[in-house]
Amino acid sequence: MTDGLKPEDLEPDAKLVEKEFFEWQKRFQAVFNPDREKLVDSLKAQWERASLLHSAEAALSELKIEHNRLLGKKSALSGLKKKIGFVNPTYKSVVGQRVQTLERNIKAAIILAEDRLKHFIAELSTERESIDVTMPGRRPRPGHLHPITLMRERIEDIFVSLGYAVEDDREIETDFYNFDALNIPEGHPARDPQDTFYTTDGFALRSQTSTVQIHAMDRGITMAHLKGTLAEFVHRLFGPETRTRFRPSYFPFTEPSAEVDYSCFNCGGKGCRICKGSGWIELGGSGMVHPNVLRAANVNPEEFTGFAFGLGIDRTCARIYQLDDIRLLFENDVRFLEQFR
Ligand SMILES: [Zn+2]
């Protein structure tokens, strides 16, 4: 013993440490060998994830035992380290380095294994919470037109097929066209700022569609055209058996003026919940364009005439679809709107 141990004397012990270490690494790879990319890319059944998670958790708790076995007091490494004291001083540093490297490699491999396991377990846990592979995928939802737009297009189609043109016009109108030209004198309640949104002096957001019609006039139009047009309109919108009814009324910009009703599309006139028992439903106001309106637009009332009527598209829409509350059309609730594809 005077010469002390030589490196080759310790080599069997070192080989034993290495052997145990490699064996552990092989076992670890066999138990914990998740093919990460395949796992993410392929839709694995949930039980497969669960079993992977289970084996990873088992490998993690086993890792503590392995740590003791490879680095603990009774480990081959510990035995090897004890023998360094008996090594010939000449070789001490070489042997010391060899043992230190072994120990460092084992420790690093165990720390790395622990990191990988913990990371893998965390990922599997969140995937398990967020992915239910039995659920159908999310399809992008196709959009569709709003029921009021559908209704407006239906109404436009009817009038276009009757030979009318669709006129669209300015949203901001002068005082003159919004009121004066429509035979609504200064001081008339309709000019009240509470009913009209004035933008700047002399301009307002048009408070009625009649402002547009005075920009488009025709010759030889009579009340018969008005009645015929509206009768045909309700035939096409609600069915050929629909009847119309005109009741005298008053509007400043028409003379004569009439309220238009149509026979209830639901009960045919017998009376029901939709027509509130009367058998009739109000369509809107109508009449022949007042001569004063024509004069205000520099149109000769002896030569040109016109008729006017207005109906609430939203109101008509609500009736046709039998909505209990017209506000449903403006709340933008997708669950409601989706029913009108
Ligand atoms: Zn009815």
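Okay, let's start with a turn: a hairpin joins strand β4 to strand β5 through 2 residues. Before going on, what you see is a predicted model, so to speak of local features we need pLDDT of at least 70, side-chain atom pairs count only at pLDDT 80 or more, and totals for chains, interfaces and linings use all residues. Residue numbers run from 1 along each chain as its sequence is written.

A quick word on names: helices (H or I, at least four residues) and strands (E, at least two) are DSSP runs, numbered from the N terminus. By that count, the chain has 12 helices and 8 strands.

β4 covers residues 244-251, and it pairs with β5 in the antiparallel sense over 7 bridges; two strands pair if DSSP finds at least two bridges between them. Within that pairing, R245 sits opposite D261 in β5, and P248 faces A258 in β5. What about the other neighbour of β5? Strand β6, residues 280-289, is joined to β5 by 8 bridges, again antiparallel. There, E259 stands opposite G285 in β6.

Is β5 largely enclosed or largely open? Of the 10 residues in β5 (254-263), 7 are buried, so the strand is largely enclosed by the rest of the structure. Buried means 20 or more other C-beta atoms within 10 Å of the residue's own, exposed means 12 or fewer, and partly exposed is in between, with C-beta atoms placed from the backbone. Over the chain's 341 residues, 20% count as buried.

That takes us to the core. A nonpolar core is a set of buried Ala, Val, Leu, Ile, Met, Phe, Trp, Tyr and Cys residues joined through C-beta atoms within 7 Å. The largest one has 25 residues, and those touching the most other members are L182, L230, V289, V293, F307 and F309. Elements giving it two or more residues are α9 (223-238), β5, β6, α10 (291-296) and β8 (307-311). There's a second, separate core of 18 residues, including A14 and F120.

Let's follow L230. Beyond its neighbours within four places in sequence, L230 is in contact with T244, V260, S286 and F309; contact means C-beta atoms, placed from the backbone, within 7 Å.

Last stop: P12, in helix α1, residues 7-31. Why does P12 count as exposed? Because it has 9 other C-beta atoms within 10 Å. P12 and L80 are 68 residues apart in sequence, but 9.5 Å apart in space, C-alpha to C-alpha.

Key
Two residues are in contact if their C-beta atoms, placed from the backbone, lie within 7 Å.
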